[in-house]
Amino acid sequence: MSELLLQVRNLHVHYPVDGGVSRAVDGVSLDVRRGETLAVVGESGSGKSQTMYGVLGLVPRPPGRVFGDGAYFEGEDLLRASERRLRGIRGNRIAMIFQDPMTALNPFLTVERQLTEVLEVHKGLRRKEARNLAIEMLAKVGIPDPERRIDQYPHQFSGGMRQRVMIAMALLCRPSLLVADEPTTALDVTIQAQILELLRATRREMDGSIILITHDLGVVAGNADRIAVMYAGRVVEKGPSREIFESPLHPYTRGLLASVPRLDAEQKAPLVPIPGQPPDPSRLPSGCPFRPRCPAATARCAQEYPPTRSAGPEREVACWVA
Amino acid sequence: MLGRVMEEASTARPLVEVEDLRVHFPVYRGTVLKRKAAVVRAVDGVSFAIARGETLGLVGESGCGKSTTGRALMRLVPVTSGNIRFDGEDLLSLRGEVLRRKRRHFQMIFQDPYGSLDPRMTVFDIVAEPLLAHGMGGPDLRDRVQSMLERCGMNPRYIRRYPHEFSGGQRQRVAIARALILEPSFVVCDEPVSALDVSIRAQVLNLLVELQRDLGLTYLFIAHDLAAVRHVSDRIAVMYLGRIVELSPAAEIYRRPAHPYTQALISAVPIPDPRAEADRQRIVLEGDVPSPLAPPRGCRFHPRCPRFASLGAVQKARCREEEPLLRVLGDGRQVACHHVD
């Protein structure tokens, strides 16, 4: 259980901007264990997607710059792997699904063509074999009448069904890591429930790990074993899901939990908003980037970024005050 | 203040009364010889009333007709049939200049603070424009714009800046100031926080609640986020395929949802608490929402209804044939289902 599938160490993803650098990811370290779901939580611009793009070699370079102490996947450092090697890993050992399946699926190709291509490229299967496997996978992710639907184009599927096609495509090569980037954000809530159910079943079956990237704390609560909370390009808090929700340590995590309306809360119990807004990653404030919005900030917080320290057996936090 | 408003609400006539509202959009085929190919029944027989000072929440999934309902109330889309009374007056009979003058009493806040503000206008001009358009300028124009912006949490120092210089949350504050500068009594909020970052949403929700309390506003609050809607609403209407399937007090809708669709919707909303999540009974609906071009006969929900399978043959036939009407249960809840007592 404790075996590490992915170890990211001090990862940076920087982009040049007028007269400076935008620090989209600013020293992120993460571990993903075999068989777990790790949720990476943050708002837009917090660097949660950029972290995975950096690890998987998907940051456009130039202008982007990716560096760090390593991103070890099954023992191999992806930051130092060749583009050719990364292409062999992506879609094969590590698969991805995105918020909007329409941008990830080719609108000019049938679903069959797109699914079988994955198997032909990565597994060297012949078309007929690949087609049979693809139909089997479509049935498994809950697409009715897969023998007929496999010959259709993406636009002939509803949003929820397209996301199922994406998941089928991602699972075809039996990856050991599935990166799901806001997989249900574009979907209605009853369809979201269907897709989350499918992801839970998928993880049980594939015996691999999932990185769930999301801004939605509700989605995290029902689906993650551990959580990493990101703010302004850094991980500010890490720990087991239940502990983070029950005793959040970082003032940002506390603020986030207090500001989200809950369906099961006392009605009209006032929300406690976080004042201000997230910083521009090209103009980060000195010291801790959350300081200008933090109710607990001290003079020290303006001077130095708080180092990540252990806060219990499985917990880590980057805060001078917590 | 709130007490007085509530008291008035219980005795006086509702501010907004909607009766059997239908908004159908024709779909045309062909470019030269256009002919009507089909009709989208976006809103298909909706009735409700909103009391003065009340917030009615309107929830449902994409395509259910909630936004079209809001737009019809603002007279922004042509209404096919039905009645809308605003402050006792027949809103659908108003035309031209009379309608234009009436508009200052009902205003709308949109989802996208990026698309709803003119990028070439300064914050001052954006908020002052409605006053000028209604000939309500006057020598104190600047003061009124400033104090409304301040009331909406904007620093009046930024009055000469342009929308692109602000974040989404600040732009939404400008949009709210613009909507309220004419002192409307009724405001339709259409997904007012969905486009904002999580940490900003609570700021704007709190602001809307505060403004309602201080200015005695009446809201129709449209959103797909049931938790946010429940937070601000007194009552909630749930829409499915152009119809209201349930209309209940906000406190009841989570505790004991009556309609099978409401039950499924509630059970699908994730709660940010792992313990609460682990204990929940999930009802996962099968399939997708049918097209509003051809809604199912009888009860529109019956092809996906989790209760339908367990019904007897006679009851099933009724669901297939007869469209259920919204009826009042003993305790103030209204539900459109043949099989709820």
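These notebook entries record what I looked up in a predicted model with chains A and B.

**Conventions.** I number residues from 1 along each chain as its sequence is written, with chains lettered from A and ligands numbered from 1 in the order in which they are written. For this predicted model, local features need pLDDT of at least 70, side-chain atom pairs count only at pLDDT 80 or more, and totals for chains, interfaces and linings use all residues, while side-chain values use heavy atoms, with hydrogens and water left out.

**Confidence.** I looked up pLDDT, the predictor's confidence in each residue, from 0 to 100. Chain A averages 90, and 99% of its residues score at least 70.

**Chain B as a whole.** I took helices (H or I, at least four residues) and strands (E, at least two) as DSSP runs, numbered from the N terminus. On that basis chain B has 12 helices and 12 strands. Its radius of gyration is 21 Å, close to the 20 Å of the globule rule for 341 residues, so chain B is as compact as a globular protein of that length. The radius is taken over C-alpha atoms, and the rule is 2.2 Å times the number of residues to the power 0.38. Along the principal axes, the C-alpha atoms of chain B fill a box of roughly 70 × 60 × 45 Å.

I then turned to burial, where buried means under 20% relative accessible area, exposed over 50%, and partly exposed in between (1.4 Å probe, protein chains only). Of the 341 residues of chain B, 52% count as buried. I defined a contact as heavy atoms within 4.5 Å. Among contacts in chain B between residues at least 6 apart in sequence, 64% join residues at least 24 apart.

**Strand pairing in chain B.** I counted two strands as paired if DSSP finds at least two bridges between them. Strand β1(B) (residues 16–29) pairs with β2(B) (residues 35–50) in the antiparallel sense over 12 bridges; E17(B) has A49(B) as its bridge partner in β2(B). In this hairpin, with 5 residues between the strands, G30(B) takes a positive phi near 85°. β1(B) also pairs with β4(B) (residues 81–86), again antiparallel, over 5 bridges, and there N83(B) is the bridge partner of E19(B).

**Aromatic pairs.** I applied the ring criterion to Phe, Tyr and Trp (its six-membered ring): centres within 6.5 Å, with planes under 30 degrees apart stacked, over 60 edge-to-face and the rest tilted. The search of the whole structure returned 9 aromatic pairs over all chains. One of them is F86(B) with F186(B), a tilted pair at 6.3 Å centre to centre and 40° between the planes. This pair links distant parts of the chain, F86(B) lying in strand β4(B) and F186(B) in strand β7(B) (residues 186–190), 100 residues apart. F86(B) is buried at 4% relative accessibility, and F186(B) is buried at 1%. I also noted Y158(B) and F166(B), whose ring centres are 5.8 Å apart with planes at 55°, so this pair is tilted. F166(B) is buried at a relative accessible area of 5%. In chain A, ring pairs link Y231(A), Y252(A) and F290(A) into a cluster.

In helix α10(B) (residues 260–268), 8 of the 9 residues are buried, including P260(B), Y261(B) and L265(B). Here the cover includes α8 (189–206) of chain A, besides β3 (55–59) and β9 (235–240) of chain B.

**Sheet of chain A.** I found an open sheet of 8 strands with mixed pairing, in the order β7-β8-β9-β3-β10-β11-β13-β12 (chain A). Its edge strands, each pairing on one side only, are β7(A) (94–97) and β12(A) (309–310). β7(A) pairs with β8(A) (residues 177–181) in the parallel sense over 4 bridges, and M96(A) has V179(A) as its bridge partner.

**E83(A).** I located E83(A) in helix α2(A) (residues 83–89). At 36% relative accessibility, E83(A) is partly exposed. Leaving out residues up to four places away in sequence, E83(A) touches G57(A) and R90(A).
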